[in-house]
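Trainee: I would like a close look at one part of this model, and then an account of what surrounds that part. Please take it step by step.

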Amino acid sequence: MDQTNIPLVSVRNCRQAYHKEASADLVVLDDVDLTLHEGEIVALLGRSGSGKSTLLRIVAGLLKPTSGEVNWRGKPLTGPAPGVAMVFQSFALFPWLTVQENVELGLEALRVKKDDREERSEEAIDLIGLGGYDGAYPKELSGGMRQRVGLARALVVHPDLLLMDEPFSALDVLTAETLRTDLIDLWMDGKLPVKSILIVTHNIEEAVLMADRILVFSSNPGRVAHELKVPFAHPRNRFDPAFREMVDDIYGIMTRRKAPEVHTAAAAAPNPFAHVLHPVGTNLIAGLLETLKSEPYNGRADLPALAAALQFEVDELLPLGETLSMLGFAVLEEGDIIITETGRRFADAETEDRKEIFAEALRTHVPLIGAIRGVIDQRSNHRAAAVRFRDQLEDHMSPEYAEETLRTVISWGRYAEIFEYDEEAQQFGLEEEDEEETED
Amino acid sequence: MKNYTPPALAGHRMPNRFDGAAMLMVMGLLIALVEVGRSTIATPIAQIQNTPIHLDPAWLPYYALRSTARMFAALFFSLVFTFTYATLAAKSRRAGQVLIPILDILQSVPILGFLTFTTVFFLHLFPGQVMGAELASVFVIFTSQAWNMAFSFYQSLTTLPADLQEASRSFRLSPWQRFWKLDVPFAMPGLVWNTMLSMSGGWFFVVASEAVTVGNTQFTLPGIGSYVAVALAKEDLHAIIYAIIAMLVVILLYDQLIFRPLVAWSGKFRFETTAAVSGPEPWMLKLLRRTALFRAIGEVIGGAFGRVFRLRLSLRQPGQVDETSEPSRIVDGIWYLLIAAIAVYAAWQIVAYVSGTLHWRDLGTALLMGIYTAIRVAVLMAIASLVWVPIGVWLGLRPKATRIAQPVAQFLAAFPANLLFPPFVLFIVMFHLNADIWLTPLMLIGTQWYLLFNVIAGAAAFPGDMKEAVANFNIHGLLWWRKVMIPGILPYYITGAITASGGAWNASIVAEVASWGTHTLTAHGLGAYIAQATNNGDTPRVVLGVVVMSCFVILFNRILWRPLYAYAVRRTTLG
């Protein structure tokens, strides 16, 4: 009991960076502090790529930070600690093991005796509502039941700290809600054999619904942008005005952080290869603009409401909104999205005109498009290999983002008929008629 | 039906400097093997007691049992090799850089060409004991099985799902526990499938490796292969027919008791999130799963294994992964230097060995012979494709026919084709036919079935909605083949074709020279070249022939099959 002053986990000045040969390091986490005490649920909230999952893995002892200090119960962490168990987004169940065998996995690693193992796994299985499924294989279960197995597997080792990496994001809305409620109920009744929970999520409502404390992450590099205490008592009501206000506030925080960075960059940055493009399809752009323009939004929508109406996760809606704002089709303001005149014109136009408006927007706001087209035009054969652009992108971002950005620019450029792309040869090129500048 | 990428096709590795080093190392190894073998040929080795082989069919069950035992001994060694070699290659970046190219080259080396030397080598290890000859035979079977099993295991290890790896680490499984809880189960479906293909291919080598002639002495181990060899020498057609029947029975038992139950059982380990609709459970597996006695036995065995697999066998606690640390350049440098040194040493040995006895002329001859054999393989593949693709498509589009034809083709692929040679040879001798042409089909007798059953699988997997679309647009005739069916089955066809053509090269060593009693038929080709050099004890030319053949096989794989396969997969799959 005298140990309660020592936090379960403390992370100081944590930095995770990957070395890049050409230019600066690729920083995933920068100067992050985190302290976890017994008896609290803390949520790490942020967009994908904000480094929150990386931080979770550092706390789990799976990943060694580039620099910084990680202490587990006051002692430096050197590997997966015995008192920590993890629940995975993808469940990470072993398909060749039955429910019971999956649950016993962690106990086997600890060399717990067979009788003990069976007793404890039985206990965890019953606690989490899986009784009767002991002998089933994961593939026979629904998603919700699978994540219950994931939970039971983590709880059976009686961890002090339960780590959850987007545990409900692979589930449908109703199933996720049921699992969340069950978990919180067990937590409030003191039935969970854990002292503290750290949950990573991109779902704002989930964070406000479950956590006592929320750390909001900003992206590129990942930093803790805000820390909020959630003052509501469990069980929480989503429709409570105070609850809604907090969700709105967090939306505001998450959109505010990102917007100015993009604009200044687009205006001032000379380097067209320094920007990650979100993989947003042109149909999605058109669809959102049409929705935004018409009833009931009439050009302006509250992001949480829009997300709920379209059944989008924050993680899907925010990149979409940012892309629209980058292209000059919409503006993000304090958790609202407002259509611009260009956006309205695009929504009203026919197919061919849309392509022209889109091409115009790309030329103005996406310097990468111009850079690629420029190289193609310089070449006598009007062809350019994709690999050179990929390399240039990789100087500024991770290979995954470079690939994503390249894919996006290809799809946009094709739609706007700015260039063609030959997948077989991995080459950019120009359309025949484009080259000859014919009458149409 | 299951379809796994054959090892030679998977891994879109570009050839790099490690391939060169690997080639040199393998060649050096072969020369060393031959040298050791040759130096012992001179020493008297006649003390070995040759058990006489009886042509009385009553002996056949016993011989079949001995042959089968050899097969399983080889399988055991192959598994040990797979679990160690592939694990090392997958877990250590530096080891993998060398081990995988070596494996790639080894699987293209026609080990049949070295039969004599490996036999002598093992006889030398156990002078005067039958053990040596047994081991030699097992070794040959091993070399026919191990490579693709190791490749399959390696591929599985490199594609382990990241979340399961993290889960194993976060629940603090020791490396030993993880190997049996994650690595092996995940690799199981591919490994079982490749093991079964290996076993099927292995019967050919069992038959070929039991009776080996070294100089004037013939070693015969009790087994079906020796039985056939003796029958050939005595021109006893009845005995050969008995042997074929015995082999059919053995393969039927193997197919029903082992192959099918194992493949069906391994489906449990398939990494998929939905329960797939699987075919009917093989009767043997049903028996094992539903019978109380077998279940009890299974639980005892499983429990014992489980206890061993649960041991930690590790003192160290698992640590963190340091993703940001770069591999040490100094250690890398030392490692590359070491590899280079070994490669240079091997190259020097090869030059020393070759320059004493061989001229450029010999290389020319070997290359020319290689081209002859290449033409044979190409023509055969073309003919076999023309025959089997339409038949395979016809069968594959009819589910009922597929259910019957697929197992039959797999069964035929396992049948050792060398047992069918004698009737063929007899036919050629009787009608005085041209050996250059008529010996050729022998090369593909055994391996054409791979073509057939892969085409069947491809046609059977053709999506139903596309079939309906094709019918809706009334596409038929040549257009149907060109735009619909051929692209649809292309990856499957190539999978089958590479197995078939690779097998044909290997078979050429026994197929281009055939004998019936005192008649010996010889065709022009690299296989005959190697076989004759072996008979003459002309070791440099054996090595030369084998190396040239390996090069042909590797070139075919790299220049033709691998790009074609990559193209087919890229172009004929959505997304």
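**A helix and its surroundings**

Mentor: Start with helix α1 of chain A, residues 52-59, in this predicted model. Of its 8 residues, 8 are buried, so the helix is largely enclosed by the rest of the structure. Buried here is a matter of neighbour count: 20 or more other C-beta atoms must lie within 10 Å of the residue's own. The buried residues of α1(A) include A:L55, A:L56, A:I58 and A:V59, but A:K52, A:S53, A:T54 and A:R57 are also on that list. After α1(A) comes A:G61, which has a positive phi, near 80°.

Chain A is divided into domain 1, residues 2-251, and domain 2, residues 282-346. Their C-alpha centres are 32 Å apart. Contact between them involves 8 residues of domain 1 and 7 residues of domain 2. On the domain 1 side, helix α7 of chain A, residues 241-268, gives the most, with 3 residues. By class, that side of domain 1 of chain A has 3 nonpolar, 3 polar and 2 charged residues.

Chain A also touches chain B. The contact takes 27 residues from chain A and 30 residues from chain B. On the chain B side, the elements that give two or more residues are α6 (162-170) and α7 (175-209) of chain B. The largest share, 6 residues, belongs to α6(B). This side of chain B comprises 12 charged, 10 nonpolar and 8 polar residues.

Chain B itself contains 22 helices and 4 strands. Its radius of gyration is 25 Å, close to the 25 Å that the globule rule gives for 575 residues, so chain B is as compact as a globular protein of that length. Along the principal axes, its C-alpha atoms fill a box of roughly 65 × 65 × 55 Å. Of the 575 residues in chain B, 46% are buried. Counting contacts in chain B between residues at least 6 apart in sequence, 81% join residues at least 24 apart.

The domain assignment for chain B gives domain 1, residues 1-47 + 55-291, and domain 2, residues 357-575. The C-alpha centres of these two domains lie 21 Å apart. Here 39 residues of domain 1 of chain B are in contact with 45 residues of domain 2 of chain B. Elements giving two or more residues to the domain 1 side are α1 (17-41), α7, α8 (224-233) and α9 (237-266) of chain B. That side divides into 27 nonpolar, 9 polar and 3 charged residues.

The largest nonpolar core has 292 residues, and A:L163, B:A243 and B:V455 touch the most other members. Take B:A243 as an example: leaving aside neighbours within four places in sequence, B:A243 is in contact with B:I224, B:Y227, B:V228, B:A231 and B:L419.

Strand β3 (residues 513-516) and strand β4 (residues 519-522) of chain B run antiparallel and are joined by 4 bridges. One pairing is that of B:S515 with B:T520 in β4(B). The two strands form a hairpin with 2 residues between them, and B:G517 in the turn has a positive phi of about 60°.

Key:
Residues are numbered from 1 along each chain as its sequence is written. Chains are lettered from A and ligands numbered from 1 in the order in which they are written. This is a predicted model: local features need pLDDT of at least 70, side-chain atom pairs count only at pLDDT 80 or more; totals for chains, interfaces and linings use all residues. A residue is buried if 20 or more other C-beta atoms lie within 10 Å of its own, exposed if 12 or fewer, and partly exposed in between; C-beta atoms are placed from the backbone. Two residues are in contact if their C-beta atoms, placed from the backbone, lie within 7 Å. Ala, Val, Leu, Ile, Met, Phe, Trp, Tyr, Cys and Pro count as nonpolar, Asp, Glu, Lys and Arg as charged, and the others, Gly among them, as polar. Domain bounds come from an automatic or database domain assignment. Two strands pair if DSSP finds at least two bridges between them. The radius of gyration is taken over C-alpha atoms; the globule rule is 2.2 Å times the number of residues to the power 0.38. A nonpolar core is a set of buried Ala, Val, Leu, Ile, Met, Phe, Trp, Tyr and Cys residues joined through C-beta atoms within 7 Å.
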